[in-house]
Amino acid sequence: MSSQFKLLQERRFLPFFITQFLGAFNDNFYKNALVVLITFQAAQITTLSAGVLVNLAAGVFILPFFLFSATAGQLADKVEKSRLIRFTKLLEIAIMLLAAAGFALMSLPLMLAVLFLMGTQSAIFGPVKYAIIPQQLREDELVGGNALVEAGTFVAILVGTIVGGLLIDLPSGPAWVSLGTLAVALLGYATSRAIPPAAPADPALRINWNPLTQTWQMIRFTARNRTVFLSILGVSWFWFYGALFLSQFPAFASDTLGGDARAVTLLLALFSVGIGAGSLLCEKMSDGKIELGLVPFGAIGLTVFALDLWWASPVHATAATVASVAPLATEVALATQGGGVPLAALLAQPATWRILFDLVMIGVFGGFFIVPLYALIQNRSEPSHRSRIIAGNNILNALFMVIAAGLGAGLLAAGLSVPQLFLVTALLNAVVAAYIFTLVPEFLLRFVVWMLIHTVYRLRVEGIENVPEKGPAVIVANHVSFVDALIIMAACRRPIRFVMDHRIFRWPLLSFLFRTGRAIPIAPARDNPEMMERAFDEVARALDAGELVALFPEGRITETGDLNPFRPGVRRILARNPVRVVPMALRGLWGSYFSRKHGAAMSRPFCRGVFTRVELVGGQPLTAEEATPEHLHAVVACLIRNQGCSKGERERAPSESGRF
């Protein structure tokens with residue numbers, strides 16, 4: 001069983017998961033019931049048109065996120081979090097009692113007031129929802145925990161939307177909805193009582209109750225950490241993208257596909273299932289780490305499958321597509337007069353399945369995109385301000401969704417079809433993603449590393465826990481190929497500053513990767529003594545700042561497969577910064593495309609095939625006094641041979657280093 005599902009067996013996560021699931025379910029249960037009610041019974045309760053009412057309802061629900069997210073973020077940092085969650089669930093019970101009164105009286109103002117209060121309750125719950133996760137889970141559980149929360153949220157949205165639409169359409173539907181929403185609110189409060197306490201991050205915080213000034217301060221505060229802020233912009237962009245798609249499903253199902261109401265539900269279900277599946281896959285694909293390489297991968301999928309959705313849609317029909325949807329022509333014509341093509345008839349057409357597949361894959365890649373970003377925001381935010389940063393994220397999310405609604409309405413009013421709107425969204429996604437990844441090249445670096453170990457190689461890691469989670473340390477390893485640094489980088493959660501031969505920086509792709517990773521170029525004293533001195537100074541500054549520094553003491557890539565002698569540079573580094581040293585051994589790379597076994601590296605493609613098994617083995621950390629070049633050479637040689645090293649073995653190791 002995957003570790004993320006084991007979290008559902010533990011009290012530190014399960015009650016919170018159920019509580020947030022029920023909250024998301026209830027929001028959409030009530031909201032969709034109200035939308036269906038005012039769509040089909042608007043004439044009985046108001047003179048406003050159904051279209052105006054639906055858009056008014058959407059605005060009423062989103063407005064509290066602008067007004068109260070900043071205050072909610074402060075409360076979540078100041079107050080014990082499980083207590084605040086219980087307060088929000090009690091508030092939900094009171095709101096659902098008002099909802100029952102609104103349905104009983106058929107009072108539109110009261111119904112909209114309830115919707116506003118539900119938005120307020122969700123705005124208060126939002127910051128504490130994401131801020132409590134890193135307090136209750138370990139760092140290596142963050143991706144799995146966020147994946148479960150995102151998957152659960154979208155399933156709750158889907159089920160709540162369906163149940164709300166079905167119940168309100170029954171005889172005495174408003175009464176059933178009233179009872180249902182109240183029962184869910186009561187159950188949510190019951191589960192919230194089992195959430196373990198989570199200490200306040202800043203109990204001495206003085207709350208600014210002015211929503212306007214605090215909202216502006218919150219957005220400015222969020223921008224202090226550049227990587228976190230750009231990750232928040234990435235999350236907000238995803239909600240912009242998702243809002244544009246979700247809002248077009250009714251028109252796409254009826255006008256483009258010619259389907260009935262069940263087709264709309266199917267599109268929503270597949271999109272939600274896709275996001276849930278992609279979210280859950282993140283934990284496995286990232287090996288439990290916060291893998292930023294999945295973010296560009298997700299962005300690529302969001303663009304590619306949105307483009308294919310536009311291409312596959314009947315409005316943009318190639319000759320083959322026209323032929324495949326031609327049997328629907330009569331039924332589509334009838335659909336404009338009646339309830340639309342039955343779902344079974346729609347599914348009988350091959351072209352429909354391509355469209356449904358695209359929607360599922362958009363959801364899957366959306367999960368790849370969103371989960372690592374949420375985990376990164378939680379992990380890199382200052383704990384004492386985490387809730388306020390998440391509140392700033394919620395404000396920007398809401399703003400982007402409002403912009404998406406306005407842009408969608410404007411483009412449709414300008415004459416674009418729904419498939420053309422999908423095309424515009426796909427192209428915008430490509431531009432925005434490229435811009436964000438240019439600003440934070442760490443995403444692209446991690447993407448290249450992630451692709452390397454999931455296509456060219458299959459990486460097995462052992463002993464990586466010997467790398468300290470915090471504080472300075474030096475990593476030393478054997479040098480087998482041009483991708484050694486990328487392999488080590490892929491295995492380690494912390495950023496690493498590599499000391500690299502300055503000539504490698506001339507390689508176009510490697511130059512980008514290592515510059516992005518803030519590698520430190522070095523040259524031999526005989527070639528460029530000034531560069532060598534600058535390199536040692538930069539290493540010292542990095543270690544003084546608590547960073548990880550890695551180097552290959554052989555000084556060059558092996559040409560024979562044997563371990564070369566270690567140069568004395570590591571002794572000079574440790575004399576200035578006596579930090580811990582973690583020896584590592586790379587195995588399985590000798591003879592690969594990037595090694596020099598067959599002469600010049602990268603001269604014989606596919607010499608080892610794809611998915612070659614490679615290994616990285618970390619040894620026990622050594623003190624600065626122990627880490628002489630000779631001793632490190634012996635330890636790395638033993639790790640290459642996959643042996644523990646006794647003193648005698650370490651003395652023999654230099655002459656018995658073997659191949660790797």
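Begin by selecting Ser-172, which is found in the loop between α7 (142-168) and α8 (173-192). The model on display is predicted. Phi of Ser-172 is near 60 degrees, a positive value in a residue that is not glycine. Most residues other than glycine have a negative phi. Is Ser-172 buried or exposed? Ser-172 is exposed, its relative accessible area being 55%.

Select Met-106 next, in the loop between α4 (81-105) and α5 (108-131). Here, too, a residue other than glycine has a positive phi, with a value near 50 degrees.

**The whole chain**

Now display the entire chain. The secondary structure comprises 25 helices and seven strands. Of the 660 residues, 55% count as buried. The chain exposes about 27300 Å², and carbon and sulfur atoms supply 64% of that area. Among contacts with a separation of 6 or more, 80% come from residues 24 or more positions apart.

Select Gly-234, a residue of helix α10. Gly-234 counts as buried, at 3% relative accessibility. Which residues are in contact with Gly-234, once its neighbours within four places in sequence are left aside? They are Phe-369, Leu-373 and Ile-436.

**Aromatic rings**

The model contains 23 aromatic pairs. To inspect one of them, select Phe-252 and Phe-422: the ring centres are 5.2 Å apart and the planes stand at 65 degrees, so the pair is edge-to-face. The angle qualifies because planes over 60 degrees apart count as edge-to-face. Phe-252 belongs to helix α10 (residues 226-256) and Phe-422 to helix α18 (residues 418-439), so the pair ties together parts that are 170 residues apart in sequence. Phe-252 is buried, with a relative accessible area of 0%, and Phe-422 is buried as well, at 1%.

Select Phe-297, Phe-305, Phe-357, Phe-365 and Phe-368 together; these residues form one aromatic cluster.

Two further selections place a charged residue over a ring. The charged end of Lys-31 sits over the ring of Phe-61, 4.2 Å from its centre. Arg-572 lies over the face of Phe-536, at 4.2 Å from the ring centre.

**The sheet**

Switch to a cartoon view and locate the open sheet of seven strands. What is the order of the strands in this sheet? The order is β1-β7-β6-β2-β5-β3-β4, and the pairing is mixed. The edge strands are β1 (457-462) and β4 (520-522), each of which pairs on one side only. On average, neighbouring strands of this sheet are turned by 25 degrees against each other, direction ignored.

Focus on strand β3 (residues 496-501), which runs parallel to β4 and is joined to it by three bridges. Select Met-500 to find Pro-521 of β4 standing opposite.

Finish with helix α19 (residues 442-456), which lies across β1 and β7 (612-618). Helix α19 runs at about 105 degrees to β1.

Technical notes
Residues numbered from 1 in each chain as written. Predicted model: local features only at pLDDT ≥ 70, side-chain atom pairs only at ≥ 80, totals over all residues. Heavy atoms only, no water. Phe/Tyr/Trp six-rings, centres within 6.5 Å; stacked < 30°, edge-to-face > 60°. Helix = DSSP H or I, 4+ residues; strand = E, 2+ residues; numbered from the N terminus. Buried < 20%, exposed > 50% of the residue type's maximum accessible area, 1.4 Å probe, protein only. Lys NZ or Arg CZ within 6 Å of the ring centre and 35° of its normal. Contact = heavy atoms within 4.5 Å. Areas by Shrake-Rupley, 256 points an atom, 1.4 Å probe, with all protein chains shown as cover. Pairing = 2+ DSSP bridges. Axes fitted to C-alpha atoms, helices over the stretch in contact; angles between N-to-C directions.
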